[in-house]
Amino acid sequence: MLGPISRPSSFAPRGLPLQRSAAAQFDEVVAIEVTRLEKRLPQVVARVEFAIEDVPNLDVHAGEIPLTHSTGGTSHEPYRIVVFRRPIELRAERSGTSLTWLVRSALVLELADVLALSPEQIDPDFDTDDD
């Protein structure tokens with residue numbers, strides 16, 4: 001695209017795009033929440049690799065669609081927690097729940113499950129109710 005709309009301006013300092021994609025916004029929310037957990041428990045989060053995928057690879061007989069999935073955790077490989085973007089976005093839209101709260105809850109619950117800790121040990125501010 002050429003012309004004044006694609007050039008940097010006071011409305012779009014770096015030029016187009018004026019808005020970030022939903023995927024980029026989601027990635028940022030996950031990064032912020034992982035950083036928050038990392039500050040709280042650096043030695044624990046250092047043993048975990050986080051990833052984002054759009055959707056889970058579902059088994060035909062699967063029941064509920066997962067928001068996260070974890071693998072690994074041996075002495076030779078870190079735990080790997082995958083956060084699924086579309087299921088979280090859709091659940092946030094349908095329930096009116098904050099996307100940030102839903103990402104935070106999914107990460108805390110999965111990390112607690114992987115490490116056999118309570119959610120409150122991972123995040124003392126953890127609350128099962130939406131803010």
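Biologist: Is S105 buried or exposed?
Modeller: In this predicted model, S105 has a relative accessible area of 6%. Buried means under 20%, so S105 counts as buried.

Biologist: Where is the place of S105?
Modeller: S105 belongs to helix 4.

Biologist: And with which residues is S105 in contact, leaving aside its neighbours within four places in sequence?
Modeller: S105 is then in contact with F126 and D127.

Biologist: Let us turn to L102. Why does L102 count as buried?
Modeller: L102 counts as buried because its relative accessibility is 8%, where the limit for buried is under 20%. L102 lies in helix 4.

Biologist: What is L102 in contact with, leaving aside its neighbours within four places in sequence?
Modeller: Its contacts are L67, I88, R91, A92 and T97.

Biologist: How many residues apart in sequence are L102 and L67?
Modeller: L102 and L67 are 35 residues apart in sequence, and their C-alpha atoms are 9.2 Å apart in space.

Biologist: A change of topic, then. How many residues has the largest nonpolar core?
Modeller: The largest nonpolar core has 27 residues. Those with the most contacts inside it include L37, I88, V103 and L107. Among the elements that give two or more residues to this core are helix 1 (22-40), helix 3 (85-95) and helix 4 (99-115).

Biologist: Which helix gives the most to this core?
Modeller: Helix 4 does, with 10 residues.

Biologist: Which residues does V103 touch, not counting residues up to four places away in sequence?
Modeller: V103 touches F26, V29, V30, E33 and I88.

Technical notes:
Residues are numbered from 1 along each chain as its sequence is written. This is a predicted model: local features need pLDDT of at least 70, side-chain atom pairs count only at pLDDT 80 or more; totals for chains, interfaces and linings use all residues. Side-chain values use heavy atoms; hydrogens and water are left out. A nonpolar core is a set of buried Ala, Val, Leu, Ile, Met, Phe, Trp, Tyr and Cys residues joined through side-chain atoms within 4.5 Å. Buried means under 20% relative accessible area, exposed over 50%, partly exposed in between (1.4 Å probe, protein chains only). Helices (H or I, at least four residues) and strands (E, at least two) are DSSP runs, numbered from the N terminus. Contact means heavy atoms within 4.5 Å.
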